[in-house]
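Biologist: I should like to learn how to read the surface of a protein model. May we go through it step by step?

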Amino acid sequence: MYDAFLGGTDNYEIDREVFRRVAQAAPEARDLAIDNRGFLNRATRFLASRAGIKQFLDCGSGLPTAENVHQVVQRFDPEARVVYVDNDPVVLAHGRALLEENAYTHFVAADIFEPQELLENPVVRKHLDFSEPIGFLQFGTLHHFEGPKEGPAELMKTYIDALPTGSYVAISHFLDPENQYSSVARHMEEHFRGSPMGSGTFRTHDEIVELFDGLELIDPGVTRCADWWPDGPQLEPLSQAQECIAGGVGIKR
């Protein structure tokens, strides 16, 4: 679906239908995917180049699209290890071969909302060293959790507790900005949930910060994705959709 929002070719008609429905609520809805992907690129680049992280666990990888995590981090370290996780049957059928491009990229079929099961997965344990820092990635995933309100924070606590000291956590999430753009967020949420995808919760800034509990946030903290260490000056005002997606990176001390 993200690939459809990005205007790519690795998607299906049902993905394009979701995009069309959400775009009815906000014509700039594609900006959600573009800003999410831009944040992914900048955050993983930071982790690989500045933080020195050499191993990554990418939750909810989805079908391959523009600039996958291993392509970003292996520019800085060709031996950086990336384990991708997804349980979508389409990804299992078509994504594995495209994501496992070399000896340092691996794919796990697992449910990211079952953290204990994932953490004990033999492939994860084989290719990631839990005595060394890990880059733990939840890009555009937690807003698809459908369950108790406190569920995502509880999931993240389990993951964070299991990560070794010095690890980094990067999260992007649909945002209810609690201002004049809240109505846009709620319209998009309604269309996501009413689409065949059936999920997509827009949480507040404070609710997203709770996902980093126990971590020290890297400056500028949880902020709009477009504002997290942009590659250059913002030449045009942000669109309504860009106001409704946030991200952040934290370190476990």
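Biologist: Is Tyr 12 buried, exposed or partly exposed?

Modeller: This is a predicted model, in which local features need pLDDT of at least 70, side-chain atom pairs count only at pLDDT 80 or more, and totals for chains, interfaces and linings use all residues. Residues are numbered from 1 along each chain as its sequence is written, and side-chain values use heavy atoms, with hydrogens and water left out. Buried means under 20% relative accessible area, exposed over 50%, and partly exposed in between (1.4 Å probe, protein chains only). Tyr 12 has a relative accessible area of 38%, so this residue is partly exposed. Tyr 12 sits in the loop between helix H1 (2-5) and helix H2 (13-25); helices (H or I, at least four residues) and strands (E, at least two) are DSSP runs, numbered from the N terminus.

Biologist: Where is Asn 87?

Modeller: Asn 87 lies in the loop between strand S2 (81-86) and helix H5 (89-99). With a relative accessible area of 45%, Asn 87 is partly exposed. Between Asn 87 and His 127 there are 40 residues in sequence and 19 Å in space, C-alpha to C-alpha.

Biologist: How many residues of H3 are buried?

Modeller: In H3, 14 of the 20 residues are buried, so the helix is mostly covered.

Biologist: What span should helix H3 have?

Modeller: The expected span of a helix is 1.5 Å times one less than its number of residues. For the 20 residues of helix H3 (residues 30-49) this gives 28 Å, and the end C-alpha atoms are 28 Å apart, which agrees.
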